[in-house]
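Subject: Structure for you to look at

Hello,

Here is the structure I promised to pass on. Please open it first, then read my notes below.

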Amino acid sequence: MVRIDYAPGGQNAPHTHPRATEILTVLEGSLEVGFVTSNPNNNHFTKTLYKGDVFVFPSNAVHYQRNTNQNPGAITIANAVFGSQPGISADILAKSFSLDVATVNFMQSKF
């Protein structure tokens, strides 16, 4: 069990739990939640939750949360994964994004 207090405009970037289902309860305010089903369909489901609502994220589903009470801001995933220092191995990123290593190296050189 964990408690997360979202700052105005805060979000929990897309992530997954490979061995756990996540259950979320909104204690106050509102929260946009979403998840994506696995391949091959990759269907995106999203819903705005309000005080007292409960939502279940299926195990291993890529999911996120965003505070909709204020300006949500943004976390740029490309900057984080292609521009990290030290860099993430090109082999890992190539496999993760279905790219070839040369493309990953090119993208990393731009950050």
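How many helices and strands does the protein chain have? There are three helices and six strands. Helices (H or I, at least four residues) and strands (E, at least two) are DSSP runs, numbered from the N terminus. In sequence order, the pattern is β-β-β-β-β-β-α-α-α.

Two notes on the source. This is a predicted model, where local features need pLDDT of at least 70 and side-chain atom pairs count only at pLDDT 80 or more, while totals for chains, interfaces and linings use all residues. Residues are numbered from 1 along each chain as its sequence is written, and side-chain values use heavy atoms, with hydrogens and water left out.

**Overall**

The C-alpha atoms fill a box of roughly 50 × 30 × 25 Å along the principal axes. The chain has 111 residues, and 24% of them count as buried. Buried means under 20% relative accessible area, exposed means over 50%, and partly exposed is in between (1.4 Å probe, protein chains only). Now take the contacts (heavy atoms within 4.5 Å). Among those with a separation of 6 or more, 60% join residues 24 or more positions apart.

**Cores**

Nonpolar side chains tend to be buried together in soluble globular proteins. A nonpolar core here is a set of buried Ala, Val, Leu, Ile, Met, Phe, Trp, Tyr and Cys residues joined through side-chain atoms within 4.5 Å. Which residues form the largest one? The nine are L24, V26, L31, V33, F35, L49, F55, F57 and A61. Strands β3 and β5 (54-57) each supply at least two residues of this core. The largest share, three residues, comes from β3. A second, separate core has six residues, including V81, F82, A90 and V104.

Look at F35 in the largest core. Leaving aside neighbours within four places in sequence, F35 is in contact with F55, F57 and A61, among others.

**Pockets**

A pocket is found on a 1 Å grid over the protein atoms alone: it is an open set of points where a 1.4 Å probe fits, with protein on both sides within 12 Å along at least five of seven lines. Lining residues have an atom within 4 Å of a point. Grid points are joined across faces, edges and corners, and a volume is the space filled by probe spheres set on the points.

The largest pocket has a volume of about 760 Å³. Its lining has 22 residues, and I4, Y6, T25, V26 and L27 are the closest to its centre. β2 (22-25), β3 (30-36) and β6 (62-67) each give at least two lining residues. β2 gives the largest share, four residues. By class, the lining has eleven nonpolar, seven polar and four charged residues. Ala, Val, Leu, Ile, Met, Phe, Trp, Tyr, Cys and Pro count as nonpolar, Asp, Glu, Lys and Arg as charged, and the others, Gly among them, as polar.

The second largest pocket holds about 280 Å³ of space. Its lining has five nonpolar, seven polar and no charged residues. N39 and N60 are among them.

**Two buried residues**

Is Q65 buried or exposed? Q65 counts as buried because its relative accessibility is 1%. Q65 sits in strand β6. Its side chain makes a polar contact with the side chain of Y6 (2.8 Å). A polar contact is a pair of N or O atoms within 3.5 Å; within protein, one must be able to donate a hydrogen and the other to accept it, and residues adjacent in sequence count only if both atoms are side-chain atoms.

E32 is in strand β3. E32 is buried too, at 13% relative accessibility. Its side chain makes polar contacts with those of T46 (3.4 Å) and R66 (2.3 Å). E32 also touches Q65.

Most residues other than glycine have a negative phi, and most peptide bonds are trans. Where are the cis bonds here? One joins N39 and P40, with omega about 5 degrees. P40 lies in the loop between β3 and β4 (44-50). Another joins Q85 and P86, with omega about -5 degrees.

N60 has a positive phi, near 70 degrees. N60 is in the loop between β5 and β6. S98 also has a positive phi, near 55 degrees. S98 counts as exposed, because its relative accessible area is 69%.

Best wishes
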